[in-house]
Amino acid sequence: TPMPIVTLMTDFGNKDYAVAAVKGAILSTVENPQIVDISHQISPYNPTEAAYVLKNAYKTFPKGSIHIIGVESEKTPENQHLAMYFDGHYFTIVCPDKIMADNGIFTMIKGDLKSEKMVAINVHDKMPTSYPVLEVFVWVAAHISRNGTLEVVGKSVDQIREIKELRPVINQQGDQIIGAVIYVDNYGNVITNITRKLFNEVGKSRGFTIFARNVKFRKVFETYSDAIDFSISKEKRDEDGKKIALFNDADHLELAIYKSNTQTVGSAQSLFGLEYRESITVKFE
């Protein structure tokens, strides 16, 4: 039998036993699984960060993979557990069901596309629910791995209303995008919710200035090293700490420091004072 691939992404961190307990449950419930950690260092209760990481990771996995998302995962009277089949992959997640709004993760993964199937999981009466990722999501993963259908584990949900809070805003004149920081990576580089596609659609090849607090950028590079003039000899180059705006490999606008190091030259996060949700404005001329 093929080994089902089960990925894990949580805000559990690596100090506690939670990640090990989930893996133990998967090994005990799913037959012959391949467990892959995407990340357990998602900032606590931060679905936007989780969405950015998962959106750019899941596509490289084989179709049929099952992705368990344990970020803000407790089931409460206001939280609903959802399972989605999209783009050949299965996802399990929690969302606030009083407003039936996706907590950001599914919306960001799907973009403007519709999921092929989405259900509100309703198997909780079959198990204790003090630890939903462990019990409910693993149970669902085991069901899917046996070629079970989503209809068995929940009630069909047509569409979830998305939270637009972290979508970029374009002004009426069409010459300004107001975006926000949605992720800070391991190097302290700051990633925004402004995509290359949106930037090009609004910008129409015009000149621009990017404003981030008191820092300005007037050029966007393709790679970090594009910002460096390699024709100048290495000892004469002033490159460490050079500020760069670029479209990263996920096609999001990123603000970075060349060869940033949070311990030495600093990072975009520390030097520009940019944190999660900080406003980033692109003004076109």
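This is a predicted model: local features need pLDDT of at least 70, side-chain atom pairs count only at pLDDT 80 or more; totals for chains, interfaces and linings use all residues.
User: Why is aspartate 87 called partly exposed?

Analyst: The relative accessibility of aspartate 87 is 30%. Buried means under 20% and exposed means over 50%. Aspartate 87 therefore counts as partly exposed.

User: What makes aspartate 251 buried, exposed or partly exposed?

Analyst: Aspartate 251 has a relative accessible area of 33%. The cut-offs are under 20% for buried and over 50% for exposed, so aspartate 251 is partly exposed.

User: Where is aspartate 251 found, and what is its phi?

Analyst: Aspartate 251 lies in the loop between β13 (243-247) and β14. Its phi is positive, about 65°, and aspartate 251 is not a glycine either. The C-alpha atom of aspartate 251 is separated by 7.9 Å from that of lysine 197, which is 54 residues apart from it along the chain.

User: How do you know that β1 and β2 pair?

Analyst: Two strands pair if DSSP finds at least two bridges between them. Strand β1 (residues 5-10) is joined to β2 by 5 bridges, so the two strands meet that condition. They run parallel. The chain crosses from β1 to β2 through helix α1 (residues 18-29), and this β-α-β crossover is right-handed. Valine 6 stands opposite isoleucine 35 in β2.

User: What makes a set of residues a nonpolar core, and which members of the largest one touch the most others?

Analyst: The members must be buried residues of the listed nonpolar types, joined through side-chain atoms within 4.5 Å. The largest nonpolar core has 29 residues, of which Met9, Leu54, Ile69, Phe91, Ile105 and Phe106 touch the most other members. Elements giving two or more residues to this core include β1, α2, β4 (79-86) and β5 (89-96). The largest share, 6 residues, comes from α2.

User: How many residues line the second largest pocket, and which lie nearest its centre?

Analyst: The lining has 21 residues, and Tyr183, Val184, Asp185, Asn186 and Tyr187 lie nearest the centre of this pocket. Its elements with two or more lining residues are β2 (34-39), α2 (47-57), β9 (176-184) and β14 (252-257). Helix α2 gives the most, with 5 residues. The space in the pocket is about 430 Å³.

User: How do the lining residues of the second largest pocket divide?

Analyst: They divide into 12 nonpolar, 6 polar and 3 charged. Tyr counts as nonpolar and Asp as charged.

How values were computed: Residues are numbered from 1 along each chain as its sequence is written. Side-chain values use heavy atoms; hydrogens and water are left out. On a 1 Å grid over the protein atoms alone, a cavity is a set of points where a 1.4 Å probe fits but cannot get out, and a pocket is an open set with protein on both sides within 12 Å along at least five of seven lines; lining residues have an atom within 4 Å of a point. Grid points are joined across faces, edges and corners, and a volume is the space filled by probe spheres set on the points. Helices (H or I, at least four residues) and strands (E, at least two) are DSSP runs, numbered from the N terminus. A crossover is right-handed if, with the strands pointing away from the viewer, the path from the first strand over the helix to the second runs clockwise. Buried means under 20% relative accessible area, exposed over 50%, partly exposed in between (1.4 Å probe, protein chains only).
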